[in-house]
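Have the sequence and the model open as you read.

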Amino acid sequence: MKKITFIGTGYVGLVGGAGISEFGHQVTCVDIDQEKIERLNAGEIPIYEPGLKTLVKKNVNKGRLHFSANISKTIQKSDIVFIAVGTPQGSNGEANLSAVEAVAKTIGENLNGYKIVCTKSTVPIGTGKRIEEIIRSVNPMGDFDYVSNPEFLREGAAVKDFLHPDRVVIGTRTQKAIDLMGEVYRPLYINETPILSTSVETAEMIKYAANAFLSLKISYINEIANLCEFVGADVHDVTRAMGLDGRISSKFLHPGPGYGGSCFPKDTHALAATGQKYGSPLRTIEAAIKTNESQKVRMVEKLSRLMGDSFNGKTIAVLGLAFKPQTDDVREAASRVIVSRLVELGASVHAYDPIAMDNFKNHFPNIKYFDSWQDAVKSADGCIILTEWNEFRGLDLNELKDLMRFPVILDTKNILSIQGLESCGFTFDNVGRKLHQ
Ligand code: UDX
């Protein structure tokens with residue numbers, strides 16, 4: 001059993017801390033936000049993530065998981081300190097490392113014996129070296145090993161992804177650190193999860209290369225879907241056949257309104273910026289970023305065509321605001337760009353999302369929000385689906401048609417039956433399935 005600190009109680013810190021306590025270690029999650037720690041100590045989970053509350057409660061009750069705002073004391077008592085603070089995108093596209101650097105300084109000041117300092121946050125390649133330098137500058141005699149241990153969990157499936165990862169990457173220089181990290185992840189060794197030991201820089205690169213590749217895959221299929229519309233092909237049949245080729249795989253080949261969230265947009269920009277910095281540009285990733293931006297705008301153009309090229313004075317129901325289902329996160333969501341443009345073009349937006357409305361209200365306080373999809377679509381002139389929540393997959397098309405003023409819908413997630421829409425008499429469009437006139 002190891003004593004572990006997680007610094008930062010966002011998605012990665014909270015899920016990681018709870019997950020590692022589930023592995024049997026003593027974990028304390030710390031944060032500079034005292035109020036957040038008080039809420040966590042009162043049993044409140046600040047993010048919506050399926051299974052997280054149960055996991056936290058179980059491990060708190062077992063006495064393995066704690067929350068504290070006393071960062072120094074917690075570090076001093078730990079064998080391993082995980083850095084899991086945010087790395088938001090800076091104005092130049094590069095990740096903003098001020099929180100990581102401040103944490104490195106605090107760790108240096110509290111290094112009272114051998115410890116592992118391990119970064120879980122996604123940080124630009126070379127940051128490990130910088131963290132080591134900061135710790136050494138604060139505490140030249142400090143005894144520690146640095147580890148880069150990138151996290152691959154997805155929001156909405158974070159608990160499952162953390163407890164059953166496809167692989168664990170441990171980037172470090174010493175065997176002692178590899179062995180200690182092996183103890184942290186011992187239950188995964190038993191499950192035969194591949195554990196890869198690499199250099200720090202390689203581990204940092206793996207995370208960016210993986211996320212950027214997935215973004216690229218989505219932008220690629222979005223462009224194929226767009227072309228399908230012009231040539232009269234069905235993108236679902238195309239991706240099904242493509243996905244059966246084991247070299248391609250069917251995952252991350254779903255077209256839509258463009259990817260969002262806290263990772264892909266930020267990480268692609270950061271990797272592209274790193275490429276530029278070293279004079280080794282990643283042109284494919286730069287193109288994927290541009291494609292993703294234009295895909296969002298393209299959805300507005302598609303809806304505009306369905307609406308007779310004018311939104312002025314029209315009511316548009318927006319179903320789904322989260323960047324994907326099973327989360328209340330609206331960071332970089334396609335809905336942000338699309339709603340903003342609809343409002344600019346004179347539409348009155350009636351929005352509904354099962355759980356992301358509160359977060360969306362922080363950015364769009366002036367549109368109208370409703371407690372059910374039925375209320376949101378009532379008397380609407382048009383409707384757009386932006387998130388594939390299960391309740392939208394199963395919506396009754398006859399009921400939808402009866403509630404709307406005009407039966408006009410853009411299904412950007414391709415979740416509704418084309419035959420159903422046709423037989424109900426909808427004017428509709430989707431992404432890459434219906435021939436574009
Ligand atoms: C992603 C990575 O999957 C994860 O490994 C990493 O740790 C963090 O970034 P996340 O952002 O939580 O996870 O969600 P993900 O399920 O990957 O979806 C990201 C975006 O891509 C969403 O907007 C989603 O709708 C979109 N997407 C995904 C598609 O448009 N098509 C697809 O086929 C898959």
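F360 and F364 are both buried, where buried means under 20% relative accessible area, exposed over 50% and partly exposed in between (1.4 Å probe, protein chains only). This is a predicted model, in which local features need pLDDT of at least 70, side-chain atom pairs count only at pLDDT 80 or more, and totals for chains, interfaces and linings use all residues. Residues are numbered from 1 along each chain as its sequence is written, and side-chain values use heavy atoms, with hydrogens and water left out.

**Aromatic pairs**

- Searching the whole structure turns up seven aromatic pairs; rings of Phe, Tyr and Trp (its six-membered ring) pair if their centres lie within 6.5 Å, and planes under 30 degrees apart count as stacked, over 60 as edge-to-face and the rest as tilted.
- One of them joins Y352 and F392 edge-to-face, with 6.0 Å centre to centre and 75° between the planes.
- Because Y352 is in strand 10 (residues 348-352) and F392 in helix 17 (residues 390-393), this pair ties together parts 40 residues apart in sequence; helices (H or I, at least four residues) and strands (E, at least two) are DSSP runs, numbered from the N terminus.
- Y352 counts as buried at 7% relative accessibility, and F392 is buried at 0%.
- The F360 and F364 pair is stacked, because the ring centres are 4.8 Å apart and the planes at 15°.
- F23, F162 and Y185 make up one aromatic cluster.

**Charges over rings**

- The charged end of K176 sits over the ring of Y114, 3.5 Å from its centre; this requires NZ of Lys or CZ of Arg within 6 Å of the ring centre and within 35 degrees of the ring normal.
- K361 likewise has its charged end over the ring of Y369, 5.2 Å from the ring's centre.
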